[in-house]
Amino acid sequence: MDISKLTYALAAAAEALYQITLISHGREADSHTVGGLLKGVLRTESVLSTSIYPMEILRHGLQYFSNEPHLDPATHREMSYYLASILKLTGMYLEDQAARTSLGNEIQGIKESLSAQTAKTAYVSTRLADWYAREIFTGRNFKVIIYGDEQVLKIPENLSRIRALLLSALRSCVLWRQMGGTQMNMLFGRSKMAVCARRMLEVL
């Protein structure tokens, strides 16, 4: 088990969750970062997080795990809640063969359609958000509650981007599990993860 790769995978999840905090509070998410995270969902040929997400888009996710005061306390608390919720959803998703098959089919359909799309990030975001709403949000007793400005959260475009980013975080947590990540790692390996995160931040 490579702690640096586990840290990288969870940093990708945390970055998606950080972008959600920006959108939900009416701030501007980074379009380059969001695009990179959503493209990562489509890269199903690899189970190595380092080959799926470029490190340059994971700054805030790495800051979250660095145990240094880069993020304001309110944002850090929201991200912690979202991460715990996504990890719970990850376990549910991995036990649901129908959902895994459905997402695989959806991703394949997106890939086949991309050549005809000019606004690729918007197209991918909409497709992933629709899948999340249909397969994860609807029909499950457990849902991720998003905190933020109520009026902002009523805007369909914002809601769509948030759902797509939740799916991105879920994908990263699945990678983390596939590479050997467990709740025990989270509980007892945070200091090692913090060291890895700080080392990665030094090269950004």
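Predicted model: local features only at pLDDT ≥ 70, side-chain atom pairs only at ≥ 80, totals over all residues.

Colleague: OK, helices then. At what angle do helix 1 and helix 2 pack?

Modeller: About 135 degrees, with the axes 10 Å apart. Helix 1 covers residues 3–24 and helix 2 covers residues 31–42.

Colleague: Why call helix 1 and helix 2 oblique to each other?

Modeller: Because angles over 145 count as roughly antiparallel and 65 to 115 as roughly perpendicular, with the rest oblique once the roughly parallel ones under 35 degrees are set aside. Helix 1 and helix 2 pack at about 135 degrees, so they are oblique to each other.

Colleague: Is the crossing of helix 1 and helix 2 left-handed or right-handed?

Modeller: That crossing is left-handed. On the helix 1 side, Ala12, Glu15, Ala16 and Gln19 make the contact, and helix 2 brings Thr33, Val34 and Leu37.

Colleague: How many nonpolar, polar and charged residues are in the contact of helix 1 with helix 2?

Modeller: Four are nonpolar, two polar and one charged.

Colleague: And how do helix 1 and helix 10 pack?

Modeller: At an angle of about 75 degrees, with their axes 9 Å apart; helix 10 is residues 190–202. That angle makes helix 1 roughly perpendicular to helix 10.

Colleague: Which residues of helix 1 and helix 10 meet?

Modeller: From helix 1, you have Ile3, Ser4, Thr7, Tyr8 and Leu10, and they meet Lys192, Met193, Cys196, Ala197 and Met200 of helix 10. By class, that contact has seven nonpolar residues, two polar and one charged.

Colleague: Are Cys173 and Cys196 buried or exposed?

Modeller: Cys173 is buried, at 0% relative accessibility. Cys196 counts as buried too, at 10%.

Colleague: Where does Asn67 lie?

Modeller: In the loop between helix 3 and helix 4, the latter being 73–94. Asn67 counts as exposed, with 52% relative accessibility.

Colleague: Which residues does Arg198 touch?

Modeller: Setting aside residues up to four places away in sequence, Arg198 touches Ser66, Asn67 and Glu68. Arg198 lies in helix 10 and is partly exposed, with a relative accessible area of 28%.

Colleague: How far apart are the C-alpha atoms of Arg198 and Ser66?

Modeller: They're separated by 5.4 Å, although the two residues are 132 residues apart along the chain.

Colleague: Last one. What about Gln63, where is it and what does it touch?

Modeller: Gln63 sits in helix 3, residues 59–65. Leaving out residues up to four places away in sequence, Gln63 touches Glu68, His70, Leu71 and Leu201. Gln63 counts as buried, at 12% relative accessibility.

Notes:
Residues numbered from 1 in each chain as written. Heavy atoms only, no water. Helix = DSSP H or I, 4+ residues; strand = E, 2+ residues; numbered from the N terminus. Buried < 20%, exposed > 50% of the residue type's maximum accessible area, 1.4 Å probe, protein only. Contact = heavy atoms within 4.5 Å. Axes fitted to C-alpha atoms, helices over the stretch in contact; angles between N-to-C directions. Left-handed = near helix turned anticlockwise from the far one by under 90°. Nonpolar A, V, L, I, M, F, W, Y, C, P; charged D, E, K, R; others polar.
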